[in-house]
Each structure stands twice: as C-alpha cells, then as structure tokens.
Amino acid sequence: MKKLYLAFVYALLYIPLFILILFSFVDKQHHFTWRWYHILFNDDNLLVVTYNSLIVAVLTATFTTILGTLAATVLVRYRFPGRRFLSITLFCYIILPDLVIGVSLLLLIHLLNLQLGLRTLFLGHVTLCLPFV
C-alpha cells in the first residue's frame, strides 16, 4: 500500500512535467515542430539571461559550499564569543520565508546605495543558501 501511495505521489509530480515537455513540441495544428525551441535559442536576450543565471548558480553553489562548510566546522569545534548569536542568525534564515529575506535584502541594498546587478544577486543567493549547507 505504501508503494502504491508513493507511486501516486510521484505520478502527480511528474506527469504534468511530461505533458508540458510533450506540448512544447506541438504547434496549434497538433503537428510536431521545433518552432518554439528555434525561437528560444535565437533570442539573444534570453541567451544572455541564461548565461548570467548559470554564472550566478555556479558561483553561489561553490562559494556557499566552501563558506558553509567552514562555518559549520567553526560552530561545532570551537567556542568563542558570539557563537550562539551566529548560530541563531543562521537558523533564522531557515525559519523566515524567502520573500521576507528577499525584501529585507533589497532594502539593505537600497540603504547601502549599491547598484542592482550580478554582484547583489550573487550576495542574495549566498545569503539564502548558506544556512542549508
């Protein structure tokens, strides 16, 4: 019974994805087409955005993994003033909704007169991902 329930849950998760992929190859007359992918890969703005997203993702994953591992090691092995505050601060990011953290970071960036760009996007992603490492 448990396996049947699990199969049902996975089906609910994955069947819409497969349908979406299937319909991405169909035009209005229900014929197979590469039209949408041709449009997708010929849009220069979309390719730039995709490239920037990959750069932010790779840098965030790398930097967060290194910094998170170092922070976890320090928090577990050493006793120092402010250790409890640092631990609570990291755990608060797990409890708070991402929207609250995002708006707070946007306000902080605005107060510091930083220009929005890849650097601030990277710092925001690191802030959101660090507690989960």
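Glycine 102 counts as partly exposed because its relative accessibility is 32%, where buried means under 20% relative accessible area, exposed over 50% and partly exposed in between, with a 1.4 Å probe and protein chains only. This glycine 102 has its place in helix 5, residues 98-111, helices being DSSP runs of H or I with at least four residues and strands runs of E with at least two, numbered from the N terminus. Between the C-alpha atoms of glycine 102 and isoleucine 66, which are 36 residues apart along the chain, the separation is 22 Å.

The model is predicted, so that local features need pLDDT of at least 70 and side-chain atom pairs count only at pLDDT 80 or more, whereas totals for chains, interfaces and linings use all residues. Residues are numbered from 1 along each chain as its sequence is written, and side-chain values use heavy atoms, with hydrogens and water left out.

Threonine 60 lies in helix 3, residues 44-77, and is buried because its relative accessible area is 5%. Apart from neighbours within four places in sequence, threonine 60 is in contact, meaning heavy atoms within 4.5 Å, with Thr65, Phe122, His125, Val126 and Cys129.

The search for aromatic pairs over the whole structure finds eight; rings of Phe, Tyr and Trp (its six-membered ring) pair if their centres lie within 6.5 Å, and planes under 30 degrees apart count as stacked, over 60 as edge-to-face and the rest as tilted. Phenylalanine 25 and tryptophan 34 form an edge-to-face pair, because their ring centres are 5.2 Å apart and their planes stand at 85°. Tryptophan 34 also pairs edge-to-face with tyrosine 37, at 6.3 Å centre to centre and 65° between the planes. Ring pairs link Phe25, Trp34 and Tyr37 together with Phe32 into a cluster, in which tryptophan 34 is exposed at 53% relative accessibility, while phenylalanine 25 is partly exposed at 21% and tyrosine 37 is partly exposed at 24%.

Turning to the whole chain, there are six helices and zero strands. The chain is more spread out than a compact globule, because its radius of gyration is 21 Å, well over the 14 Å that the globule rule gives for 133 residues; this radius is taken over C-alpha atoms, and the rule is 2.2 Å times the number of residues to the power 0.38. Along its principal axes the C-alpha trace spans about 70 × 50 × 25 Å, and 14% of the 133 residues count as buried.
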